Amino acid sequence: MDGNRVTAGIIIVGDEILKGQTQDTNSHFLCRRLFALGVEVKRVSVIGDDLDDIATEVLEFSRNYTHVITSGGVGPTHDDMTFEGVAKAFSTSTAPHPELVQVLKDYFGPDNLDSAMMKMAQIPSTAKLQYGVHKTTGERTKYPLVSVNNVYMFPGVPSLMERAFVLLEDLFRNPDVTFHTEELYINRTESSIAQEIKTVADQFGKSVVIGSYPDLHNSYYQVKISLESTSQDQLNKASVQIKSSVPAGSVVPFEKDPVGTAAEHVYDIVNSKVDDTFHTSVRHAVSIIEQALDKYTLKDMCLGFNGGKDCTLLLHLFHAVVQKKYPDEIGKLQALYIRSRLPFPEVELFVQQACKRYNLELIRYEGRIKENLAALKDGHPNIKAVLMGTRKTDPYSDHLDSFSMTDADWPQFMRVNPILNWTYETVWTFLRTLCLPYCSLYDHGYTSLGSMNNTHPNPSLQIVDSNGIVSYKPAYQLLDNGNERDGRNV
Ligand SMILES: Cc1cc2nc3c(=O)[nH]c(=O)nc-3n(C[C@H](O)[C@H](O)[C@H](O)COP(=O)(O)OP(=O)(O)OC[C@H]3O[C@@H](n4cnc5c(N)ncnc54)[C@H](O)[C@@H]3O)c2cc1C
Ligand SMILES: [Co+2]
Ligand SMILES: [K+]
Ligand SMILES: [Mg+2]
C-alpha cells in the first residue's frame, strides 16, 4: 500500500443510544460494509443530540478521515439536529433546499407536509444531494442522502440506513485495495498462545493485522485468530507462521456456516466412496428423509425437536435434504417442541437458537407428549408425519422401523425414524465433523437429556482433580456406548 489509503470515521448520533434505550447496530453494519469496500474505519463515536457536540465531532472527524459517516438525527422532530450540527461544523447555516423541498412533496404528498416535515429540507447551505442507483434496475432512488464536503448524513433507523448505504456504497469504495482475510480456529486458551501470536504480529507489523478473539462457549475452538492484509502473499506467510508456532494439532478445522453449506457437506458424505459405519449411516438416513419427502409435503411434516443431540443432527439432515431438493426457495421447516415441565434453561436457549439458525416454524406445547400429540392433531390437522431422532437403544424403540405409525392407543401419526440404527459414536462423529452447534449441556458431561429433575451428568465422564474438585468431560468423549443413559433416572 500506501498513498491509497481510504479511511472513515463513524459518528452515531442519538440520546436514546447513550441512555441505553436503543442498542446501536448501525456502527457494526457500517464497519463490516466499509471493511469489505477496502475502507479502514479508524474510529466510531457515539454522541447525543446536542448541537455543539455534533459540530465539534464532525469537524474533527472531517479533518482526520477520508469519509465521515453520521447516523441519526435527520428526522422531523425538534431533537433531530444533525443537519444543523454539520452546518455549524463548517461555519455555515441551514436553509430550505428547493430540490429537497420538491422531493419531500413528491415523496410524502403535498397535503401531508407539515412544518415539521419541512424541517427535513432545512439542510446546510453547501450541502449536496446524493442519489443512489438500484443495482438491478439502474433506477435512481427517490430520496437522496445529504452530504457536506466529506460528511454523509444517514438516517438512524437501521433498515433505512442499510438500504441507503448499500445503494450509495460506491461513493466510499477504495478502488485500489482489497483486504484478504483468513481465520484460524485454535483449541487452546488465549493466554496459552498469546506469546506466540504476539511474536508473529510483531514480525509482520502493519502488513498483516492480526486479531485474537476468545470464545468461551464454542464447542469446537477457544480462540479465533483473524488475519487481514492487503497482500495475499504476506497473509499466507503470517498464517503459516502462526500454524507452526502454536502447539501441534491445536488449529482445528471449523465451518463457520454449517447451515448454509448443509446440503453440500451432507451430500459429499452421501456420494463418497467410503463405506464405513459413519458413511452408511448418513446415506441411509438421507434416503429415508428423501422417501418421506416423496410421500409428504413440507406442510404435512414436522420434526420432533426437543433440543437433544439426536434430533439436532436429524434437523441438520432434514434441512440438508430440503436445501438440495428445493435449492431456490427453501420452505420453512416445521418443528414440534413439547416442553417438559422442568426444562433445562440450556435446552430452552438451544431450541430458540436452532429455530433462528434453521428458520424453523416452531409448534410449541407443554406437558405430556401423548396429550399434546392429540392437541397437535386438532391444532394442525395438516400434519401427518413426524420425523423423530429415536434410536433403537431408546426405551421401547427396538421394534420400530424407519416408517412406523404411532401405537394404536396414541394419536395417529406416521413416525419417520431415519437414524434408528445410528450408534452413539456415529451421532457424535456427525455433529462434530460438520461443526454443528449442539446444546451446551453436552460439553459439561450430560450424555442424554431429560428434565432437570431426572437428568445428571454421566458418572463415567467425571474427573476429580487432586484438590477433590469434580468436573466432567464432554459427551463426545464417552467411550462405552452402553452407558449413554447413565445420567438419567428414567
Ligand atoms: C411424535 C411422537 C410420537 C410418539 N409416539 C409414541 C408411540 O406411538 N408409542 C409410545 O409408546 N411412545 C410414543 N412416543 C413417545 C416416545 O417413544 C418417547 O417416550 C419420547 O420420545 C421420549 O423418548 P426418550 O427420552 O427415550 O428419547 P429421546 O431421545 O428424548 O426422544 C427420541 C426422539 O423423539 C422426539 N421427541 C422426544 N421428546 C420430544 C419432545 N418433548 N418434543 C418433541 N419431540 C420429542 C425427538 O425427535 C427425539 O429425538 C412418541 C413421541 C413423539 C414425540
Ligand atoms: Co459453557
Ligand atoms: K436425546
Ligand atoms: Mg435419544
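This is a predicted model: local features need pLDDT of at least 70, side-chain atom pairs count only at pLDDT 80 or more; totals for chains, interfaces and linings use all residues.
Student: Why does Tyr396 count as exposed?

Tutor: Exposed means over 50% relative accessible area, and Tyr396 has a relative accessibility of 75%, so Tyr396 counts as exposed.

Student: What makes the phi of Tyr396 worth a remark?

Tutor: Most residues other than glycine have a negative phi. The phi of Tyr396, however, is near 55°, which is a positive value in a residue other than glycine. Asn359, in the loop between α13 (345-357) and β15 (361-366), also has a positive phi near 55°.

Student: How do you know that the buried residues of α7 line one face of the helix?

Tutor: The buried residues of α7 (residues 158-168) are Met161, Phe165, Leu167 and Leu168. Seen down the axis of α7, these residues fall within an arc of 165°, so they line one face of the helix. What covers them includes α2 (26-36) and β3 (67-71).

Student: Why is the pair of Phe29 and Phe165 called edge-to-face?

Tutor: Two rings pair if their centres lie within 6.5 Å, and planes over 60 degrees apart count as edge-to-face. The centres of Phe29 and Phe165 are 6.1 Å apart and their planes are at 85°, so this pair is edge-to-face. The pair links distant parts of the chain, with Phe29 in helix α2 and Phe165 in helix α7, 136 residues apart.

Student: What makes the pair of Tyr185 and Phe254 tilted?

Tutor: Planes under 30 degrees apart would count as stacked and those over 60 as edge-to-face, with the rest counted as tilted. The planes of Tyr185 and Phe254 have 55° between them, at 4.7 Å centre to centre, and the pair is tilted. Tyr185 lies in strand β9 (residues 180-186) and Phe254 in the loop between β12 (251-252) and α10 (262-271), so the pair ties together parts that are 69 residues apart in sequence.

Student: Why is Tyr185 called buried?

Tutor: Buried means under 20%, and Tyr185 has a relative accessible area of 5%, so Tyr185 is buried. Phe254, at 21%, is partly exposed.

Definitions and conventions. Residues are numbered from 1 along each chain as its sequence is written. Chains are lettered from A and ligands numbered from 1 in the order in which they are written. Side-chain values use heavy atoms; hydrogens and water are left out. Buried means under 20% relative accessible area, exposed over 50%, partly exposed in between (1.4 Å probe, protein chains only). Helices (H or I, at least four residues) and strands (E, at least two) are DSSP runs, numbered from the N terminus. The arc is that of the directions from the helix axis to the C-beta atoms. Contact means heavy atoms within 4.5 Å. Rings of Phe, Tyr and Trp (its six-membered ring) pair if their centres lie within 6.5 Å; planes under 30 degrees apart count as stacked, over 60 as edge-to-face and the rest as tilted.
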